[in-house]
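Please keep the sequence and the structure in view while reading.

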Amino acid sequence: MRLSAGSSTRPIITFLMLHRALQPGYDYLLERKLSSIWREITDSPLAGDLERFMTAAAELGFTDRVRFATGSQVPARLLIQTGRRLDRLTLADLNAFAAACHDREQRTGKGHKHYLAAVSNTQRVLFHLGIVDELPRSGGPVPFTERLADVRPPIRETMIAYLERKRATCQPKTVSALATRLKHFGKFLADIDPGLDSVAHLDRRKHIEPYLTALVDAVNSKNDEVITVADRSRRVLALTGFLTDITEWGWPEAPPRKLLFRDDTPKLPQTLPRYLPVDVDRRLTEVLVEQPDNQLAACALRLQRACGLRIGELLDLELDCVHEVPDHGSWLKIPLGKLETERMVPIDDDILTLIDHIIAIRSHGRPMPHPRYRRPAQFLFTHHGRRLSQNAVRAELDRAAQAAGLDHITPHQLRHTYATALVNAGVSLQALMAMLGHMSAEMSLRYGRLFDTTVRAEYERALELAKQQTRTPAPGGISLPLTDITGGADWKDTPLIKSRLACGFCLRAPAQGACTYANICEHCPSFHAEASSLPILAAQRVDAEALAHDAEQRGWIAEAERHQRLIARLDTLITKAQAG
């Protein structure tokens, strides 16, 4: 009846709505087009509130088209139906509007996605105006019961209880990954043994070994390709952790015997970091600088490349992330990331200029809840009243790579490229670890394997000797003077694997590995030292301490431990020699 009103009566209805004399209901408001409202609202009580909303939306970076569409689709209808001022609107009003959109779609079949997008935009604007205290959810985690819906109930209940327990000690992303990997195993059990009623009844021959075999041909649902060895390994490790934990916790659902063993985990290939070659790095940077599509995301990628950040660390940067240290320049404070550590990274004037540009183009607004601490925080990368998402960064990188004529590139490759550039420039292992936020030397040594200067020097030395042998053969062969190895420097300072022997020393290139027979005599039970050998043993001990320190500085932990064992053995020999 209301919708059948003709062109002669609709202006009257519109006038009454705008002057708070009529609240027709959302069913009517959602069917009426209110695009003409902007011509008629000027002298109405709603004008001031809508103008305030539109101004705030512009400050958050919304385009005119989005602002006017959002303004007429949601806040105008809310003000009409509630009869309240803008600053009196609540989350309940937004929820009621969204529910009306759902009801309309079920009743008429008309889509409501454009309305829900406008509801999300409206909530962001109201949040930054301080009217509501929550930002719209961006999807959020799927409940465990829904994610494990394909798992048989008895097994599902145990898995859900386990995941809930892990939430107390693990990061949400870690628990989410565990849920995904356990889901694959649970679904496999439901397919091959629907009658299995408890994890305690798992059998290695019947359940575990068939699952390990099936993983070889398992397909990734996202790209329809066979899963990688790394993904197979992660699924096996997740299942191993699940069974090990519930056994150690004494759960009644735990299997009575061990079902998975070390050799069940697929061996991972020892690949080198996938850095971008110099020409590819340059072409990608040029596109990000000169042809950005999403300017804020492009700047984020440039900052990631310049500072070697993980993508999570990048997007968690806060507005006050730059710290000036007198006489020590500018530093970037990297927030807690993958390894739960903070760090400071030195930055130069070019990076400072980039950060200043990011601050100029980001959208300003009310501080947002920090996902880790829940305290309000001003993040560096914000637009349209929300934080920049990983998907937006990845999309901009995909577009830039395509525009530059490059293959697919991941954000983490920018971190590898940063680390590789530092290694090429000769940065020390300790500095590399500090700037990348690595917890162990082994993590940083992966980059050292890319361009091992010692291997290169050994190659060039051996090649030159081979050339000399070809040019001037000598009856007695070619001797290798000590200066050819050490370059005239003290042998203890060379970047080689060194062993101090009682009668001399041994030098080996890292590529050769440690010698199996190094100091074998000193450790032999049949070896005895006399008092006359004390000066030699003392000198050997001094050198061994220097070599242990040198190995520690280079990050050669196993080599340092070898020298420490020699020192302990020398102490024993010296004590026995002194006692006669």
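Arginine 20 lies in the loop between helix 1 (10-18) and helix 2 (26-29); helices here are DSSP runs of H or I with at least four residues, strands are runs of E with at least two, and both are numbered from the N terminus. The model is predicted, so that local features need pLDDT of at least 70 and side-chain atom pairs count only at pLDDT 80 or more, whereas totals for chains, interfaces and linings use all residues. Residues are numbered from 1 along each chain as its sequence is written, and side-chain values use heavy atoms, with hydrogens and water left out.

Although arginine 20 is not a glycine, its phi is positive, at about 60 degrees. Arginine 20 has a relative accessible area of 29% and is partly exposed (buried is under 20%, exposed over 50%, partly exposed in between, with a 1.4 Å probe and protein chains only). Histidine 384, also not a glycine, has a positive phi of about 50 degrees. Histidine 384 is found in the loop between strand 6 (382-383) and strand 7 (386-387), and its relative accessible area of 25% makes it partly exposed.

Helix 6 (residues 75-82) packs against helix 7 (residues 91-108) at an angle of about 105 degrees, with the axes 11 Å apart. Axes are lines fitted to C-alpha atoms, for helices over the stretch in contact, and angles run from 0 to 180 degrees between N-to-C directions. The two helices are therefore roughly perpendicular, a term for angles of 65 to 115 degrees. Arg77, Leu78 and Thr82 of helix 6 meet Asp93, Leu94 and Phe97 of helix 7, where contact means heavy atoms within 4.5 Å.

On a 1 Å grid over the protein atoms alone, a cavity is a set of points where a 1.4 Å probe fits but cannot get out, and lining residues have an atom within 4 Å of a point. Grid points are joined across faces, edges and corners, and a volume is the space filled by probe spheres set on the points. There are 2 cavities of 30 Å³ or more. The largest cavity has a volume of about 50 Å³; of its 13 lining residues, His128, Gly365, Arg366, Met368 and Gln378 are the closest to its centre.

The second largest cavity has a volume of about 30 Å³. Its lining includes Leu496, Trp556 and His563, and helix 25 gives the largest share, 3 residues.

Terms used
Angles under 35 degrees count as roughly parallel, over 145 as roughly antiparallel, 65 to 115 as roughly perpendicular and the rest as oblique. On a 1 Å grid over the protein atoms alone, a cavity is a set of points where a 1.4 Å probe fits but cannot get out, and a pocket is an open set with protein on both sides within 12 Å along at least five of seven lines; lining residues have an atom within 4 Å of a point.
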